[in-house]
Amino acid sequence: MIFIAKWVKIIAMKILVTGGAGYIGSHLVDALMAQGHELYVVDNLSTGKIDNIRHHLGEERFHFVNDSILNETLMERIIEQVDFIYHLAAVVGVKYVVEDPLRAILTNVRGTETVLELAFKHWKKTVIASSSEIHGKSTEVPLSEDGDRILGPTSVARWSYSDAKAIDEYFALAYSKRGLPVVIVRYFNSYGPRLDPTGYGSVIAKFIGQALRGEPLTVYSDGKQTRCFTYIDDTVRGTILAATVREAEGQVFNIGSSRETPILELAQLIKNLVGSPSEIIHVPYEEAYGADFEETRRRVPDVSKAERVLGFKAEVPLEEGLRRTIDWFRKLS
């Protein structure tokens, strides 16, 4: 159950969630439906799954459109009738970005441009979902919302996602300066039920799948690179708080956990929780992503601003979140 502070007054609205059939988007939809809102979801199911929202199909307050956010006619028709927008639709996942950077750039930049242009035209408050990838390979720890970005050369496709999300943020902040109520949330390694069981976009999904199948858990490089993993309930709660706290407008917030976990330690933890006989093996990054691939060693969010302004702090311990996620994966098999 996702808990929202008692002082946040819930008023039923018509809300658009782009990417609402995706992993994070569908959990956000669940929370908003539980609050009594009327939901419009636009998702082309390129990475989202109809099964994630199937339990809402047929409900009077739920409207699903299987189409692209690049369809401006459709988007205007929906945006002009809703009260609020959560924009989560994007091409995500390092592997997909590296394999098809053009598709990622067009979807992530042009799609957000379309949403914000129409939000401005019809004056609808909007929350834009961004990413910890914004920070690139910055060595500043913890990573603050206004910290410097450090990226590799444009010849390395891996950084195009960071730039695309940065342009999204530039768009949002520019519209904010013109008065549009906009909030940006940067997600840090969200995980939980409904992660793609193939491992797409999530090291946790990859490790759980490998452990359940008894396959080797493949850790890239030495495994000492670290990330901060945020359970989906916390991700959604932070997103809704960003939308409902008026003081958040025109600002960027890191939504994540501050617990830093080495990837090798994560692999061992998942192996133990699953009770898997799998071995852990090390694979060079270039074997998976090519010789030009670059990775950042540490990615730890500064969550003080989110705690101060939103009253947000990640609450679900990693071990508990992993147990819930593993249980969900087991039910699939």
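Modeller: One term before we start: strands are DSSP runs of at least two residues, labelled E and numbered from the N terminus. Also, this is a predicted model.

Colleague: Fine. Where does Arg-227 sit, then?

Modeller: In strand E9, which covers residues 226–227.

Colleague: Is Arg-227 buried or exposed, and why?

Modeller: Buried, because its relative accessible area is 7% and the cut-off for buried is under 20%.

Colleague: What does the side chain of Arg-227 reach?

Modeller: The backbone oxygen of Thr-296, at 3.0 Å. Arg-227 also touches a list of residues beyond four places away in sequence, including Asn-189, Arg-259, Glu-260 and Arg-299.

Colleague: Switching to the sheet. What order do the strands come in?

Modeller: E3-E2-E1-E4-E5-E6-E11. That's seven strands in an open sheet, with parallel pairing.

Colleague: Which are the edge strands?

Modeller: E3 (62–65) and E11 (252–255). Each of them pairs on one side only. From one strand to the next, the twist averages 20°.

Colleague: How many bridges join E1 to E2?

Modeller: Five. E1 is residues 14–18, E2 is residues 38–42, and they run parallel. Thr-18 stands opposite Val-42 of E2.

Colleague: And H5, what does it touch on the sheet?

Modeller: H5 packs on the sheet against E5, E6 (182–187) and E11. The direction of H5 makes about 160° with that of E5.

Colleague: What span should H5 have, and what does it have?

Modeller: H5 has 18 residues, 160–177, so at 1.5 Å a residue it should span 26 Å. Its end C-alpha atoms are 26 Å apart, which agrees.

Colleague: Which residues in H5 are buried?

Modeller: Among them are Ser-160, Tyr-161, Ala-164, Lys-165, Asp-168, Glu-169 and Tyr-175.

Colleague: What follows H5?

Modeller: Gly-179, with a positive phi near 105°. Gly-179 is also one of the residues touched by Trp-123.

Colleague: Where is Trp-123?

Modeller: In the loop between helix H4 (101–122) and strand E5 (125–131). Trp-123 is partly exposed, with a relative accessible area of 45%. Beyond four places away in sequence, it touches Arg-178, Gly-179, Leu-180 and Pro-181.

Colleague: How far is Trp-123 from Ile-79, C-alpha to C-alpha?

Modeller: They are separated by 9.3 Å, while being 44 residues apart along the chain.

Colleague: New topic, helix pairs. What numbers describe two packed helices?

Modeller: The angle between their axes and the distance between the axes. For H1 (residues 23–34) and H7 (residues 232–244), the axes come within 10 Å and cross at roughly 65°. The crossing is right-handed.

Colleague: Which residues make the contact between H1 and H7?

Modeller: From H1: Tyr-23, Ile-24, His-27, Leu-28, Ala-31 and Leu-32. From H7: Ile-232, Thr-235, Val-236, Thr-239 and Ile-240.

Colleague: Last one, Lys-271. Which helix is it in?

Modeller: Lys-271 is in H8, residues 263–274.

Colleague: Why does Lys-271 count as buried?

Modeller: Because its relative accessibility is 18%, and buried means under 20%.

Colleague: What does the side chain of Lys-271 reach?

Modeller: The backbone oxygen of Ser-278, at 2.5 Å. Lys-271 touches Leu-217, Ser-276, Pro-277, Ser-278 and Ile-280, leaving out residues up to four places away in sequence.

Colleague: And how far apart are Lys-271 and Ser-257?

Modeller: 22 Å in space, C-alpha to C-alpha, and 14 residues in sequence.

Notes:
Residues are numbered from 1 along each chain as its sequence is written. This is a predicted model: local features need pLDDT of at least 70, side-chain atom pairs count only at pLDDT 80 or more; totals for chains, interfaces and linings use all residues. Side-chain values use heavy atoms; hydrogens and water are left out. Helices (H or I, at least four residues) and strands (E, at least two) are DSSP runs, numbered from the N terminus. Buried means under 20% relative accessible area, exposed over 50%, partly exposed in between (1.4 Å probe, protein chains only). Contact means heavy atoms within 4.5 Å. The expected span of a helix is 1.5 Å times one less than its number of residues. A polar contact is a pair of N or O atoms within 3.5 Å; within protein, one must be able to donate a hydrogen and the other to accept it, and residues adjacent in sequence count only if both atoms are side-chain atoms. Two strands pair if DSSP finds at least two bridges between them. Axes are lines fitted to C-alpha atoms, for helices over the stretch in contact, and angles run from 0 to 180 degrees between N-to-C directions. A crossing is left-handed if the near helix is turned anticlockwise from the far one by less than a right angle, and right-handed if clockwise.
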